[in-house]
Amino acid sequence: MPDHQRADARRNYARILTVAEEAVAAQGADASLEQIARTAGVGSATVRRHFPTRRALLEAVSRKRIEALSLRARELTGEGDSRDALLEWLSDVVAYCVSARGLAAALIYDGYELDPMYENSCSASLEQAGGPLLDRAVRDDAVTAGVTVADLIRLAVGVVLATEHHRDPATEADRLFRLAVVGLSPLRGAQGVG
């Protein structure tokens with residue numbers, strides 16, 4: 001939220017964001033924008049002025065979680081085995097996406113391929129944070145060269161979206177993620193995550 005906006009606009013933004021966080025936590029990425037506006041006590045035009053797209057709202061709702069995952073990547077950079085550090089971080093990404101409804105949807109790359117000017121700020125932040133972890137793992141021949149952080153985020157998002165309606169989404173997402181990880185390191189294919 002820009003500091004140069006009027007005080008009432010800043011209050012509206014904060015109120016909308018608080019209500020949106022609760023709505024997305026309860027209903028997921030498809031939470032009704034109109035209901036968010038009503039609950040926040042503003043018009044739907046006010047919501048759209050602050051968040052012109054659903055993605056903009058999801059990215060704002062997910063910002064704190066993205067910052068926490070970015071901090072976690074920095075903590076793990078240079079720690080222990082490079083493959084284990086990368087996989088621990090990716091496992092955290094999957095777990096956060098399962099527990100924080102709407103986060104996986106905020107990380108989806110749709111639109112980028114159609115409009116290269118569009119940048120998904122959540123994904124871009126995670127790519128930047130995870131880059132040093134992946135670079136180190138590739139240098140150590142612990143992860144196949146050519147894998148990108150964007151690939152890994154897509155993998156995590158795919159696992160989360162594929163399991164979100166499962167009876168126990170956290171357990172199933174973790175199981176599928178571990179299954180997918182076996183393919184990341186052909187030389188160590190028999191090993192699981194960390």
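User: At what angle do helix α8 and α9 pack, and how far apart are their axes?
Analyst: In this predicted model, helix α8 covers residues 149-163. The crossing of α8 and α9 is right-handed. The axes of the two helices lie 9 Å apart, and the packing angle is about 140 degrees.

User: Are α8 and α9 roughly parallel, roughly antiparallel, roughly perpendicular or oblique to each other?
Analyst: The angle between α8 and α9 is about 140 degrees. Roughly antiparallel would need an angle over 145 degrees, and roughly perpendicular covers 65 to 115. The pair is therefore classed as oblique.

User: Which residues of α9 meet α8?
Analyst: On the α8 side, the contact is made by L155, V159 and T163. By class, the contact of α8 with α9 has seven nonpolar, one polar and one charged residues. The α9 residues that meet α8 are P169, E172, A173, L176, F177 and A180.

User: Is E172 buried or exposed?
Analyst: E172 takes part in the contact of α9 with α8, and its side chain also forms a salt bridge with R175 (2.9 Å, N to O). Its relative accessibility is 16%, and the cut-off for burial is under 20%. E172 therefore counts as buried.

User: How many residues separate R175 and E172?
Analyst: Both residues lie in helix α9, which spans residues 169-181. R175 is partly exposed, with a relative accessibility of 45%. About one helical turn lies between R175 and E172, because they are three residues apart.

User: How are α5 and α9 oriented to each other?
Analyst: The axes of α5 and α9 are 10 Å apart, and the helices pack at about 150 degrees. Angles over 145 degrees fall in the antiparallel class. So α5 and α9 are roughly antiparallel.

User: How do the residues in the contact of α5 with α9 divide by class?
Analyst: α5 passes α9 in a right-handed crossing. From α5 the contact draws on R83, L87, L90, S91, V94 and V98, and from α9 on P169, A170, A173, D174, F177 and V181. By class, these residues are nine nonpolar, one polar and two charged.

User: Which residues are joined to R72 in one network?
Analyst: R72 is partly exposed at 23% relative accessibility. E75 is likewise partly exposed, at 42%, and D92 counts as partly exposed at 22%. Through salt bridges that share partners, R72 is joined in one network to E75, E88 and D92.

User: How many helices does the protein chain have?
Analyst: The elements run α-α-α-α-α-α-α-α-α from the N terminus on. There are zero strands. The count of helices is nine.

Conventions: Residues are numbered from 1 along each chain as its sequence is written. This is a predicted model: local features need pLDDT of at least 70, side-chain atom pairs count only at pLDDT 80 or more; totals for chains, interfaces and linings use all residues. Side-chain values use heavy atoms; hydrogens and water are left out. Buried means under 20% relative accessible area, exposed over 50%, partly exposed in between (1.4 Å probe, protein chains only). A salt bridge is a side-chain nitrogen of Lys or Arg within 4 Å of a carboxyl oxygen of Asp or Glu. Helices (H or I, at least four residues) and strands (E, at least two) are DSSP runs, numbered from the N terminus. Axes are lines fitted to C-alpha atoms, for helices over the stretch in contact, and angles run from 0 to 180 degrees between N-to-C directions. Angles under 35 degrees count as roughly parallel, over 145 as roughly antiparallel, 65 to 115 as roughly perpendicular and the rest as oblique. A crossing is left-handed if the near helix is turned anticlockwise from the far one by less than a right angle, and right-handed if clockwise. Contact means heavy atoms within 4.5 Å. Ala, Val, Leu, Ile, Met, Phe, Trp, Tyr, Cys and Pro count as nonpolar, Asp, Glu, Lys and Arg as charged, and the others, Gly among them, as polar.
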